[in-house]
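Hi,

Here is the structure I promised to pass on to you. Please have a look at it first, and then read my notes below.

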Amino acid sequence: MTALRKTLAIESSPHLASGASVDIIMRNVVYALLPVCAFAVYVFGLAALLCLLVALCACVLTEHGLCRVTGRPSTVGDWSVVITGLLYGLTLPPGLPLWMVACGGAIGVALAKFLFGGLGYNAFNPALVGRAFLQAAFPGAMTTWHPALAPDRFATLPSSTLTFPFARPEYDGLTAATPLAQMKFDQVATPVPDLLLGFTGGSLGETGAVLILLGGAWLVARRMMNWRIPAAIFATVALFSTACHWLDPGRYPGAVFMLLSGGLMLGAVFMATDMVASPITHAGAVIYGVLIGVLVMVIRLWGGMPEGMMYAILLANAVSPHIDQLLRPRVFGSRRRGGTA
Amino acid sequence: MARFATFAHGIHPPQYKADTCGLPIRQFPFAPVLAVPLLQHTGKPALPVVREGQEVVRGQCIARPDGNMSVAMHAPASGVVERIALVPGIAGRMVPGVYLRPHPGSTQETATGTPCDLVTASSADIIAAIQQAGIVGLGGAAFPTHVKLQVPADKRVDTLVLNGVECEPWLTTDHRMMLEQPADIITGIRYLLKACGAERAMPVSVGVMQVKYPQGAEKMLVKALLGREIPSGGLPLAVGVVVINVATAAEIGRLLPHGQGIQERVITITGPAIEKKGNYRIPIGTPLRFALETVGVTPDVGQVFLGGPMMGQSLPSLDIPITKGTSGFVAYRGEELTGGRREYPCIHCGYCVDACPLFLNPSKLGLLALNGDIDTMAQDYHLRDCFECGACSYVCPAHIPLVQRFRAAKVQLRKRKSSP
């Protein structure tokens, strides 16, 4: 019997595995984002396509380059940086000068992801850190919006897109306000069907709530997204805004408008759910979602800016490890929650 | 659809039981030489009562228990004691044992001893008979059964639970025992109830549970059936329960009326690399190499596990003998191994937290283990509660060997405790 003279492999139990893999999860998130990206290109045309491509390339090349420089194997193959690139691109206004797009992406990946130790160790969502940097560095360019469904969007680029680095971007006058800004500064409400379908001004991914929700539902069905986080955010925002609207309907918009405008959908479904920067327990996820909901409402209603999703998520990211620390579930057979038995 | 009892969390690995669950138990042939370890259980080795060159009859007692944490051993075949020497153990260590050469021409009739009469025997008589019959937990742990039945004066047992869950994939021994030996199991239950004083628990009822892993773990089983939570670090006795594997009960019911001892057991030999899969009644001490050669192994065999694939151990050598705690062997082909997969950093997906039946946080424990922070693991994150079911490693998409890290950390904890 020759077979039994073979060398046998030894490994620690368990010897079976479910087949789940980090790169498969990440790739599925990318698939879920693709329809959102395609819709952004449909609504904003060439400018959106270039913005997404540059954002993606900047993020992927930054991670690959940093791995090379520091002599580690490249981690681009785990696909997480592709999500970062696409999400980051979706948070930007369509006519943003491309050199700014590249800068923000590189800084987001380098500062928020690589410096912290790469995938699994980033305390903050890298895409949002990149956007936060741009918001601080170029507030003007980051709040100049182009109208949706412009007739010549597939033929021409906005004059600002190809601005030379460090030159002042020029706008050709054809700019638009976002629904949130219109509401905040002019008390003009955008019709709900336009909000739902995404035919409004705004960042690339602020439009198309339906596609974002479909992508999220697909990930939830595949157990690749914690539905409790977006559910808690939606519930909090809905309750909060309904209460405010009831107190002063002239000043505060209703729940439907609040849920569908700005970056709330994209942020709640795809960014707040970043596994690395959100709590690991179910109860923690709900608290984290409620926190984001409250923060975004406070910033939107009483802050100086019309939109607050980015800061709400970044602040909640910072609190996330502490939520996990405080909310340890009761271990089977022990009396107290967390701590020693 | 009826909602069956279960516990919170857990996983659903593929069952792979269809290959053998329909195959009746068959007698396995005798190997040319049987190596009977005298330590097949948790506790102290048995003391041999035979000498080299002595003729023994199948079923004859060849070693007596050394103290309470020890059980007797019986000759698995009629033959001659060739040597009393060290035999290879499962953990890679040598243990004292008896080499026995069966007589080729013998009829291999099993010797009988003094019967333990169910009606007249007292609780202490039955417990002594169980120890003398060499009975240990046949589910895999091989804990001496009589020790479980010695209920301290300040404790009361109101329920006896027979564990027939067999939640490991591939294995079908308990399943076949329940189908083929129901009368033995009932007799076993009678002895056990009398021994532990849980007679109030009659009549016997069968609880059906959802298919989920690790339902067969004592803590999960008692929780699902009775809603009682065995305290951290405690035994089922703490909640008035004694849990006995169903095959153990069947052996008690089969052996005690005839005063016999365990000299063979039922195992499942299965897996993709096995040619004649099946459930076999196999003599204790049969070398694994002989067993595998008899059932046939494909040439590309790459890994053999003792027990099931979730908690079973990879075998370093094929020269180890089958013991009382062996519930089966699973042989895999080379390409089916989980090893060699790329390990990613933990991404906090929470799959392990949702899988852990004890509500531990394997993700956090894994990170702490990576940093060598064993004290925090033990004090704040309940490392000692982990019974290494492997659910966390099974679901981990980052392919982190969590159970391996926890096991290593526990070894260090024990070392630290033993050194002053």
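How much area is buried between chain A and chain B, and what percentage of it do carbon and sulfur atoms give? About 5000 Å² is buried between the two chains, and carbon and sulfur atoms give 60% of that. Please keep in mind that this is a predicted model.

In terms of residues, 45 from chain A are in contact with 69 from chain B. Two salt bridges are counted between chain A and chain B. In one salt bridge, the side chain of A:Arg330 meets that of B:Glu229, with 2.8 Å from N to O. There are also 20 residue pairs in polar contact between chain A and chain B, with both residues at pLDDT 80 or more. On the side of chain A that touches chain B, helix H1 (residues 22-44) gives the most, with four residues. That side of chain A divides into 23 nonpolar, 15 polar and seven charged residues.

I also looked at helix H2 of chain A, which covers residues 46-69. Its 24 residues, at 1.5 Å a residue, should span 34 Å, and this agrees with the end C-alpha atoms, which are 34 Å apart. Several residues of H2(A) are buried, including A:Ala48, A:Cys51, A:Leu52, A:Ala55, A:Val60 and A:Glu63. After H2(A) comes A:Gly71, which has a positive phi, near 70°.

Best wishes

Key:
Residues are numbered from 1 along each chain as its sequence is written. Chains are lettered from A and ligands numbered from 1 in the order in which they are written. Side-chain values use heavy atoms; hydrogens and water are left out. Contact means heavy atoms within 4.5 Å. Buried area is the accessible area (1.4 Å probe) that two parts lose on being put together, summed over both. A salt bridge is a side-chain nitrogen of Lys or Arg within 4 Å of a carboxyl oxygen of Asp or Glu. A polar contact is a pair of N or O atoms within 3.5 Å; within protein, one must be able to donate a hydrogen and the other to accept it, and residues adjacent in sequence count only if both atoms are side-chain atoms. Helices (H or I, at least four residues) and strands (E, at least two) are DSSP runs, numbered from the N terminus. Ala, Val, Leu, Ile, Met, Phe, Trp, Tyr, Cys and Pro count as nonpolar, Asp, Glu, Lys and Arg as charged, and the others, Gly among them, as polar. The expected span of a helix is 1.5 Å times one less than its number of residues. Buried means under 20% relative accessible area, exposed over 50%, partly exposed in between (1.4 Å probe, protein chains only).
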